[in-house]
Amino acid sequence: MIAATAPDTSYKSKAGARITLGMLCFVYVLNFLDRQLISILAKPIQDGLNITDGQLGLLTGFYFALFIASSRFRSAG
């Protein structure tokens, strides 16, 4: 007697995995661009605000760290 086998649905699983991978790659690219945007625009920002390199470093480093730290505490509660 030959046992009936279930139809192969692995193609649905593979398509879902590819869509998920594509979405994750897209989000990664957006995250990378978001982090690099301030570095790309640093010189025009510095010229527009008439600030020194040290002041620009404070803007991009210290205040960004404070923003990230405060957003982590807000989302945890």
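A: What follows describes the largest pocket and the residues around it.

This is a predicted model, in which local features need pLDDT of at least 70 and side-chain atom pairs count only at pLDDT 80 or more, while totals for chains, interfaces and linings use all residues. Residues are numbered from 1 along each chain as its sequence is written, and side-chain values use heavy atoms, with hydrogens and water left out.

Rolling a probe the size of a water molecule over the atoms shows where empty space is left. On a 1 Å grid over the protein atoms alone, a pocket is an open set of points where a 1.4 Å probe fits, with protein on both sides within 12 Å along at least five of seven lines; lining residues have an atom within 4 Å of a point. Grid points are joined across faces, edges and corners, and a volume is the space filled by probe spheres set on the points.

The largest pocket has a volume of about 210 Å³. Its lining consists of Asn31, Asp34, Arg35, Ile38, Ser39, Leu59, Thr60 and Phe64. Two elements, α1 (10-40) and α3 (53-76), each give two or more residues to this lining; helices are DSSP runs (H or I, at least four residues), numbered from the N terminus. The most comes from α1, with 5 residues.

By type, the lining of the largest pocket has 3 nonpolar, 3 polar and 2 charged residues. Here Ala, Val, Leu, Ile, Met, Phe, Trp, Tyr, Cys and Pro count as nonpolar, Asp, Glu, Lys and Arg as charged, and the others, Gly among them, as polar.
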